[in-house]
Amino acid sequence: MVFEPPRRLVRALGETAPAGDDWLARLPETAERTVARRELTVERVQVPGGRSSLVVLVRRTDGTPAVLKLAPNRARPESERAALAHWAGRGAVQLLESDAGDSADGALLLERLHPDVSVRSLPEAKALLEAAGTLRRLWVEPPGGHVFETVAERTGRQAEAMRAAAPAAPETAPLVDAALTARAELLAAPPDHRLLHGTFRQSKVLAGERMHWLAVGPDPVVGESAFDLARLVRDRVEDLIANPSGASTTRRRIKRLAESLEVDLERLRGWTLFRAVESGVRALRVGRPKDAELLLEFAGWL
C-alpha cells in the first residue's frame, strides 16, 4: 500500500517544519516499515486525518481493529504515549502497546474508536456537556518524576513567539499586551497541578465501544485545569463570530463551563484570552489571515 499523507497533514506540517526537515518525505517508507514490524493489516489511511500525524486504520494479527499513529518527534509522540499510559483508558483512548520499542518511528498503536463520529457531531449544548465530562476524567495527578512540559514552560515559548511577531502586526499589540499580562497574573498563583490534555476540543472526543466518548490526540502538559478548558470555550468559533449574539454567548459559555467543572471563572476567561490571541498571532505568522481574523475578533470579546 502507498502511504500518501493527507493534504491537511502536508499543509499543517509545512507551516511548522524546520529547515531541512524530511519527515514527510520519509513518511511512506517509515509507515511501511512500522506496519511490517508489527505485522499489521492495513485498511486505509484516515482522511482528512490530523494536523500533526498520519492516522492509519489497521488490524492486528488476531483481527482486532486498531489505529496506527505516526508523528514527527517535534509533535512529542513519546509524551503522548506517557500520558495515555498514565490515564490507562480512563477518559482517553487505550494504548495497546506498553513498550515504546523503537521510539524513533514515533508510532503509537491505539484502540480503534469511530474516527468519523466526534462530539462535534452533537447539538452544541450536548456537545459541550459531553466534552466537559470527558475532560474532567483526564484531570488527574501527574505521575511521580514526570517529564511533561508545564503550562509555564509551554506558554513561555508561546509568549516569546508572540513578542517576536508583534512588529510585523502592530494592530494586534493591544490584544497581545492584554494576553501577556493575563498570563503573568495567572502564573503567579496557580490553584492546582494536574495532568492536562493540552489541546482539548470537541473534535478530539470520539465515539467508542468501551465508553461512549473518549479523548484522543493529547499534547499533554501539567498545570491548572482552567488552561485545558480554555480551548474548549472557543469551539465552533466560526459559528460564534457569525452570530450577532456571539459575544454574549461566549460569556455564558465561560460561566457555564466554569461552574460545571468547578473552575474559577476569571482564570478561565484569562486563559481563554491568552490561548485565543496566541493562536491568532500564530495564524497570522504562518499565512492564515482568515483564521487569525476570527480568533482575534473572538479574543476582543474577552
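A crossing of two helices is called left-handed if the near helix is turned anticlockwise from the far one by less than a right angle, and right-handed if clockwise. In this predicted model, local features need pLDDT of at least 70 and side-chain atom pairs count only at pLDDT 80 or more, while totals for chains, interfaces and linings use all residues. Residues are numbered from 1 along each chain as its sequence is written, and side-chain values use heavy atoms, with hydrogens and water left out.

Helix α7 passes α9 in a right-handed crossing. Helices (H or I, at least four residues) and strands (E, at least two) are DSSP runs, numbered from the N terminus. The angle between α7 and helix α9 (residues 246–260) is about 145°, and their axes are 10 Å apart; here axes are lines fitted to C-alpha atoms, for helices over the stretch in contact, and angles run from 0 to 180 degrees between N-to-C directions. Leu229, Leu232 and Val233 of α7 meet Thr250, Arg253, Ile254 and Leu257 of α9, where contact means heavy atoms within 4.5 Å.

Helix α7 also takes part in an aromatic cluster formed by Phe227, Trp271 and Phe274. Rings of Phe, Tyr and Trp (its six-membered ring) pair if their centres lie within 6.5 Å; planes under 30 degrees apart count as stacked, over 60 as edge-to-face and the rest as tilted. The count by this rule is 3 aromatic pairs. Phenylalanine 227 and tryptophan 271 form an edge-to-face pair, because their ring centres are 5.2 Å apart and their planes stand at 90°. This pair links distant parts of the chain, with phenylalanine 227 in helix α7 (residues 225–233) and tryptophan 271 in helix α10 (residues 265–285), 44 residues apart. Both residues are buried, the terms being buried for under 20% relative accessible area, exposed for over 50% and partly exposed in between (1.4 Å probe, protein chains only). Arginine 275 lies over the face of phenylalanine 227, at 4.2 Å from the ring centre; the rule requires NZ of Lys or CZ of Arg within 6 Å of the ring centre and within 35 degrees of the ring normal.

The whole structure holds 25 salt bridges, each a side-chain nitrogen of Lys or Arg within 4 Å of a carboxyl oxygen of Asp or Glu. Glutamate 111 and arginine 210 form one, with their closest N and O atoms 2.9 Å apart. Glutamate 111 belongs to strand β4 (residues 107–111) and arginine 210 to the loop between β7 (205–207) and β8 (213–215), so the bridge ties together parts that are 99 residues apart in sequence. Glutamate 111 is buried at 13% relative accessibility, whereas arginine 210 is partly exposed at 39%.

A salt bridge also joins aspartate 219 and arginine 154 (3.2 Å, N to O). Aspartate 219 is in the loop between β8 and β9 (221–223) and arginine 154 in helix α5 (residues 151–165), 65 residues apart. Aspartate 219 is buried at 18%, and arginine 154 is buried at 5%.

Most residues other than glycine have a negative phi, and most peptide bonds are trans. The peptide bond from valine 47 to proline 48 is cis, with omega near 10°, and proline 48 lies in the loop between β1 (41–45) and β2 (54–59). Arginine 236, in the loop between α7 and α8 (237–242), has a positive phi near 60° and is buried at 13%.
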